[in-house]
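I opened my notebook for a new structure today. My plan is to look up a few things and write each one down.

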Amino acid sequence: MDTPTPNQTHPTFLLVLHTAPSLLLNSLLAYLLQRHQGNWKEMVYRQLLQFCRDASHQIRQECDDLLAAAEADPSPQRHQSLLGCGSALVSLLSRQASVLASLEHPNTSAADLLMKRLEDILSISYSKFYCFLFKDLPVYWRQLYTDASILKFHLLLLRATDAAHSDQQTLSLEGIRWAAGEQRGRVWVGKALDLLHDAWTSTQAEAGANAVRPAKRAKLDDKGDDPSSSDDMLFAAASFSLFQPFTPPVEKPIPCRPAMSVESFQTYMDNPPDSTLGPEPLIFTDLVEDWPARTTHPWDKPAYLLSTTFGGHRLVPVEIGRSYVDEGWGQKLITFGTLMRDYIDPSLSPDHTVQNDKSQSGKQIAYLAQHPLLTQLPALRNDILIPDLCYTSPPPHPTDSAKDQPEVDEPKLNAWFGPPGTITPLHNDPYHNLLVQVVGCKYVRLYSPLHTEQMQARGKEDGVEMGNTSSLDVGVLEGWDQPAQDQQLSPDEQASEERLRRAFKDVPYVDCILNPGDTLYIPIGWWHYVRGLSVSFSVSFWWN
Amino acid sequence: MELYASGNNAWNQLVFGGVESASNEPTDFASFQLVLRDPVIERPHASLACTCVNTSNGIQTAGFPEDWMQSQSLKDRVLQSLAAIAGNGTIAVYDGQAVRQYQSVSHFQHGTAQRVFTSMRNVSQIVAYETGFAALSTTGQVWTWGDERYEACLCRDVSDVSLAEEPGTVAELEGLPTGKVKKLAAAGYLLMALTEGNDLYAWGGRPGLPGFLDDISASPSPVVIEDHDVADCAIGQSHAVVLTMSGEVYTAGANGNGQLGITTETDSPWSRVPFSPGSDATILSVACGPRNSFMIVQKPSRHT
């Protein structure tokens, strides 16, 4: 189910992961201020401003300490501190923190210059994200980016209450996932978000009490800046559409059974029928019956998901395009509300008409894939429970011990949320995986690691290792999808393609359609192809 | 001679001869302004926060002294275009025998080279972009090497026998219609080569990064600015400057810091800079820092 770990994957994917500070709060504050100014000011503004002031002061202090230390000893080991960015940038950052502290009015030329310099620092550090593989990116570039973002947030906060700016400025608080720095970093951003969330909940309550919501207008806001009108539609919708444009046949069904105890599962994994192959895939039909996501906090209700994302204002990185190996595939940041409204379930959209369901062809597919959404949204994280089965000791990779990873302390969680038609191409992962289907249906096909040679693994592409991904497109080979249009094959190539196709048809596999509440066990090294059939929300747990 | 500059001045790197008051944050130059006058002005080297220029009084610097300048030998080599520092911090230095590559300034200072390339001879210039380098020999041969993820910047096929990280010759820059390559320029993800016949070629690009010049790919394409022959060129992080044989300066790209020397807020295609060096004066050459631009102007010698 999971695409490769970031440093193995396609460059565009990797780059967006670097740059996707998965927490951007565009326009949230401005929106709050416009609609609920009095309340907002009293409740949270001062608190948040003080929080920013403290951080800005701390940034300046740290920078000055570092610069003084560098002056005393010009050639220290700098790799661990912000000085790795060079004294010049540390000095510039310190100066901006100082300007911010003494800023008399947020609407002066000095403030404009401050904003420009912060943008300069952001773009300088941002450009470094592309210079390195993520694993090699020195942490100080992320810290510089984070600290400059905090200063910018502080300045925007000052401006947000200033009449001249409140109607045009948007606020962004960037970098929780990649935020770095011991003193602030992710923790700081998290706390700032908590304060914002308090403001959001209180203003929502106030809005409800006063019944001041504007009349519903059937207008799709494609920028998602003013979500009020379309959010009403989202709130009104009871559940996601169950519509499945296409349902592949299941030919070699994976065995289904009720949940096992940890002991039985350990035994199942330790005593496989084929000892060279190791444990085989299995579906548990009732492993997650007690999850709040399936009961009290229903993830299949758009209204509930919105309530955990500031009414859909939180930004998330999504994959645009059918599959990460397609041409034109990319990632971008959109609000959770836009994701649901424009991509996941068009029936939620105010201008939706019934025909839209069948004419998906012109629409790009967006997929929130392999995203640590659950780290970003603690409310959703609390709706799921790590299955006890992840606290077992599964066997190593059956055929290639080089694939085994260092033991993880906690299972790695990823969220997968997309419309019908999303595809994760045939690939394998270096972990055992429990894939839990929370909302909607997915088709999964698995090939055993013993058939790795027939999977036609890709090699290194554009300097990025793609060896865990097959060059075969199951959907095209089965005739479910059209092959890419732009491929001009010579007769020789066509013949060899045809040979491959026939050879591949003979490779044994197992498959299934996961329904809501199902959990698929994918043993380490098994090649898997995953296809969303309806609106689908899954969570995967990697462990070893 | 006179040095004019436009663009980023966040560290006062366009202010030679000391700053009077440090209380105000320095602003950028939105157009080309005179920054230095001296009987001798060589081509400046501008890094992010600092400008170095060789004059009749030796090397003059403006701005914030950067870490790499602590080493006099590195500074000398950089000013001679025989050393360059890539955006990822890697340094390449030619010592007359070989090109040595260092991971960082401190590695250079400790003399611990990461790689030594002996294949490149008679190197006359080394330039760096974000993740790699290009070198030029006195015979016009061009080599490139660097991060294999950005193959377009290398301008050659990468394979198991021709690795990205090791210098490989750029065959496409040989046998050009107007003679051999006499100068290279590079920064960001863009590289340029200028021929003896004053044709300019550009290549490079990074997936996902909109280029500011048309037709930039993994293969050199001619840079066409009306019908001008090109006398000199320079590249910044996301802008470029060209001096035509007719003595006019054109700039293109991002103008966030005023580096184009023209009034535009958005990215600009090639535009002529409305700058006149004065009667009888000529613009000799151009240079770029990451976010600023320079031109050297020759004034007619004064008769007393």
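**Chain A, overall**

I began with burial: 47% of the 544 residues of chain A count as buried. I kept in mind that this is a predicted model. Next I looked up the secondary structure of chain A, which comes to 15 helices and 15 strands. Then I turned to the contacts in chain A with a separation of 6 or more. Residues 24 or more positions apart account for 81% of them.

**One residue of chain A**

I picked A:Gln456. Where does A:Gln456 sit? I found A:Gln456 in the loop between strand 9 (442-447) and strand 10 (460-461) of chain A. I count A:Gln456 as partly exposed, because 14 other C-beta atoms lie within 10 Å, and a residue needs 20 or more to be buried and 12 or fewer to be exposed. Which residues does A:Gln456 touch, not counting residues up to four places away in sequence? I noted A:Ser470, A:Ser471 and A:Leu472. I also checked A:Gln456 against A:Met115. These two are 341 residues apart in sequence, and their C-alpha atoms are 51 Å apart in space.

**Where the chains meet**

I moved on to the contacts between the chains. I found 24 residues of chain B in contact with 23 residues of chain A.

Residues 198-246 of chain B are 0% helix and 39% strand. The end C-alpha atoms of 198-246 are 12 Å apart. Residues 247-299 of chain B are 0% helix and 45% strand. Here the end C-alpha atoms lie 13 Å apart.

**Positive phi in chain B**

I went through phi values next. B:Asp215 is not a glycine, yet its phi is positive, near 60°. I placed B:Asp215 in the loop between strand 16 (200-204) and strand 17 (221-222) of chain B. Is B:Asp215 buried or exposed? B:Asp215 is exposed, because it has 12 other C-beta atoms within 10 Å.

B:Glu226 also went into my notes. Phi of B:Glu226 is near 50°, a positive value in a residue other than glycine. B:Glu226 lies in the loop between strand 17 and strand 18 (230-235) of chain B. I marked B:Glu226 as exposed, because 10 other C-beta atoms are within 10 Å.

How values were computed
Residues are numbered from 1 along each chain as its sequence is written. Chains are lettered from A and ligands numbered from 1 in the order in which they are written. This is a predicted model: local features need pLDDT of at least 70, side-chain atom pairs count only at pLDDT 80 or more; totals for chains, interfaces and linings use all residues. Helices (H or I, at least four residues) and strands (E, at least two) are DSSP runs, numbered from the N terminus. Two residues are in contact if their C-beta atoms, placed from the backbone, lie within 7 Å.
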